[in-house]
Amino acid sequence: MSIQVQMLKSYPATWKGHLVLACQKCQKKLKGNDDLAALAKLKKSIKRHNKRHPESAIHLVRVPCMDLCPKDAVTVVLPQEPQRLSILRSESDIDQLYAALEPPRSDPPNEAS
């Protein structure tokens, strides 16, 4: 008796760049808070950044509650680090998210004359 293992069909992603999962419940709680509008409309903020910096694009997927509910913040998870949840509290945190996803730049070696 032989057992056949079927492979799941796979397809290329419809987006380019890194994937980030963001709690939609956190975002919904921030609606109406003008100081945190960039976090309340995180997908829009990400799209705006992607237009300015297409080389470091992020695709944001809103997901149900992740059971970590910070006050005045949004919980996100990076699929490459599923055991770690991150908290975005301001627009500067969104910039730090981009920096965390960019590969480290290697400086060209200095040539001695």
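## Secondary structure and overall fold

The protein chain of this predicted model contains four helices and four strands, where helices (H or I, at least four residues) and strands (E, at least two) are DSSP runs numbered from the N terminus. Read along the sequence, these elements follow the pattern β-α-α-α-β-β-β-α. Residues are numbered from 1 along each chain as its sequence is written, and because the model is predicted, local features need pLDDT of at least 70 and side-chain atom pairs count only at pLDDT 80 or more, while totals for chains, interfaces and linings use all residues. Side-chain values use heavy atoms, with hydrogens and water left out.

Of the 113 residues of the protein chain, 30% count as buried, a word that here means under 20% relative accessible area, whereas exposed means over 50% and partly exposed lies in between (1.4 Å probe, protein chains only). Among contacts (heavy atoms within 4.5 Å) between residues at least 6 apart in sequence, 63% join residues at least 24 apart.

V76 lies in strand 3 and is buried, with a relative accessible area of 0%. Leaving aside neighbours within four places in sequence, V76 is in contact with V20, L21, A22, L42, M66, R84, L85, S86 and L88. The C-alpha atoms of V76 and C23 are separated by 6.3 Å, although these residues stand 53 residues apart along the chain.

L21, one of the residues that V76 touches, is found in strand 1 (residues 18-23) and is partly exposed, with a relative accessible area of 22%. Not counting residues up to four places away in sequence, L21 touches V61, V63, M66, T75, V76, V77 and P79, and from C-alpha to C-alpha L21 is 5.9 Å from L60, a residue 39 places away in sequence. L101, in helix 4, is buried with a relative accessible area of 7%; beyond residues up to four places away in sequence, L101 touches H18, V20, I58, L78 and Q80.

## The largest pocket

Rolling a probe the size of a water molecule over the atoms shows where empty space is left. The search uses a 1 Å grid over the protein atoms alone, on which a cavity is a set of points where a 1.4 Å probe fits but cannot get out, and a pocket is an open set with protein on both sides within 12 Å along at least five of seven lines; lining residues have an atom within 4 Å of a point. The largest pocket has a volume of about 180 Å³, where grid points are joined across faces, edges and corners and the volume is the space filled by probe spheres set on the points.

The lining of the largest pocket is made up of L78, E81, R84, S86, I87, L88, D93, Q96, L97 and A100. The lining divides into five nonpolar, two polar and three charged residues, counting Ala, Val, Leu, Ile, Met, Phe, Trp, Tyr, Cys and Pro as nonpolar, Asp, Glu, Lys and Arg as charged, and the others, Gly among them, as polar.

## Charged residues of the lining

Side chains of opposite charge can pair when their charged atoms come close. The structure holds one salt bridge, defined as a side-chain nitrogen of Lys or Arg within 4 Å of a carboxyl oxygen of Asp or Glu. This salt bridge joins E81 and R84, with the closest N and O atoms 3.3 Å apart; E81 is partly exposed, with a relative accessible area of 32%, and R84 is exposed, with 52%.

D93, which also lines the largest pocket, is placed in helix 4 (residues 91-101). D93 is buried yet has no salt bridge, and the nearest side chain of opposite charge, that of R89, is 5.9 Å away; Lys and Arg count here as positive and Asp and Glu as negative, while His and the chain ends are not counted. Not counting residues up to four places away in sequence, D93 touches I87 and L88.

## Two positive phi angles

Most residues other than glycine have a negative phi, and most peptide bonds are trans. D67, in the loop between strand 2 (58-63) and strand 3 (74-77), has a positive phi near 65° and counts as exposed at 71% relative accessibility. D72 also lies in the loop between strand 2 and strand 3, with a positive phi of about 55° although it is not a glycine, and counts as partly exposed at 40% relative accessibility.
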